[in-house]
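Let's take a friendly walk through a protein model together. Have a look at the sequence and the structure below, then read on.

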Amino acid sequence: MKAVAYAIERAASVEAAVLRLAGTDGACKPVAGGQSLGAMLNLRLAQPERLVDLDALEALTGVRESATEVVFGAMTTHAAIEDGRVPDPSGGLMRSVARGIAYRAVRNRGTLGGSLCHADPAADWVSTMPLLGAVMLLAGPQGTRELPAAGFMVSAFETALADGELLVGVRVPRRSAAARWSYRKFCRKTGEFAQALVGALHDPADGTERLVIGALDGAPRILERAGLLRGLADPANRAALLAEADLGLDATRGALTAEMLRLVADDLGDLG
Ligand SMILES: Cc1cc2nc3c(=O)[nH]c(=O)nc-3n(C[C@H](O)[C@H](O)[C@H](O)COP(=O)(O)OP(=O)(O)OC[C@H]3O[C@@H](n4cnc5c(N)ncnc54)[C@H](O)[C@@H]3O)c2cc1C
């Protein structure tokens, strides 16, 4: 199948792109790396009249850092993160996640922002950003706003983006040198989307104890509280945690997720 005929233009500014997109009810769509949208076009799952290419927008490409955080432009590619061409505030988690996304050709073009806005439940950044406590920076017809990453993905392929809104960047807090993380996913073969995914972050500097369970039918499940990650070496504690999360998975996906959680517990080791 071939895509429907559509026009394509380069956005000159964030404001111009937002004006173009607003009120078109999807007839005008932004395109970032095109790695997901391209397939949607070819399958005619998306039939826009016009694409607005975000490639030339400086506001979406840069990376800013401070002592407490790194702000990634939405157009930052998976490959730039994988290669360490941009700083990694997560102590290696982001770089490791980027390395495991698809194949290098996809990572060269695919972007952090495109992946988050596409909101595939089995994708990596939709789980990683809530795990890191990231904040989404949005620009739309009503101005700019910020949203915690944990509330950005609403359900499968649906985000909290309002009409005409663009994801401009993602603010990721810096983790302390004492932070420990683990991220495990199961794919049938390398480069495929995950069938089960569990990540954990423990940072004693600010008391963060967070777990993300992804590759579900909708948005990832985030669990967070003091003591959450302790005692996970005990199978009974892991079973209780999965029961608490109430994932509604079938037996196979439930077993795969339980196994990812076991690996995560092994990686974290004794948290004292
Ligand atoms: C073979 C293959 C395997 C893959 N495997 C994985 C995997 O294992 N893990 C994984 O995480 N991903 C995987 N992906 C997806 C890949 O990571 C894509 O890069 C990503 O899903 C989309 O990023 P993109 O920049 O190409 O976005 P695009 O395809 O350009 O856009 C995706 C959607 O987001 C919207 N959009 C893009 N940017 C913005 C923005 N700034 N603001 C608002 N809306 C925006 C577009 O309108 C579109 O609806 C795979 C893709 C392929 C083709």
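Let's begin with Ala-215, which is buried, with 26 other C-beta atoms within 10 Å. Here, a residue is buried if 20 or more other C-beta atoms lie within 10 Å of its own, exposed if 12 or fewer, and partly exposed in between, with C-beta atoms placed from the backbone. Ala-215 is found in the loop between strand 13 (208-214) and strand 14 (221-224). Although Ala-215 is not a glycine, its phi is positive, at about 55 degrees. Helices (H or I, at least four residues) and strands (E, at least two) are DSSP runs, numbered from the N terminus.

Ala-119 is buried, with 22 other C-beta atoms within 10 Å.

## How to read this model

This is a predicted model, in which local features need pLDDT of at least 70 and side-chain atom pairs count only at pLDDT 80 or more, while totals for chains, interfaces and linings use all residues. Residues are numbered from 1 along each chain as its sequence is written.

## Domains and their contact

The domain assignment, which is automatic or from a database, gives domain 1 (7-53), domain 2 (58-173) and domain 3 (180-268). The C-alpha centres of domain 1 and domain 2 lie 18 Å apart. Their contact takes 12 residues from domain 1 and 17 residues from domain 2; two residues are in contact if their C-beta atoms, placed from the backbone, lie within 7 Å.

Which helix gives the most to the side of domain 1 that touches domain 2? It is helix 1 (residues 14-21), with four residues. The residues of that side of domain 1 divide into seven nonpolar, five polar and no charged. In this count, Ala, Val, Leu, Ile, Met, Phe, Trp, Tyr, Cys and Pro are nonpolar, Asp, Glu, Lys and Arg are charged, and the others, Gly among them, are polar.

An open sheet of five strands has the order 4-5-10-6-7, with antiparallel pairing. Two strands pair if DSSP finds at least two bridges between them. Strand 4 (63-65) and strand 7 (143-148) stand at the edges with a single partner strand each, so one side of each has no neighbour in the sheet. From one strand to the next, the twist averages 20 degrees. Axes are lines fitted to C-alpha atoms, for helices over the stretch in contact, and angles run from 0 to 180 degrees between N-to-C directions.

Helix 1 packs on the sheet, touching strand 6 (135-140) and strand 10 (166-173), and its direction makes about 125 degrees with that of strand 10. Strand 6 and strand 7 pair in the antiparallel sense over six bridges, and a hairpin of two residues joins them. Leu-137 stands opposite Glu-146 in strand 7.

## Covered and uncovered parts

How many of the six residues of strand 7 are buried? The count is zero, and strand 7 is hardly covered. Of the 11 residues of helix 8 (residues 235-245), zero are buried, so helix 8 lies largely in the open. Just after helix 8, Asp-246 takes a positive phi of about 50 degrees.
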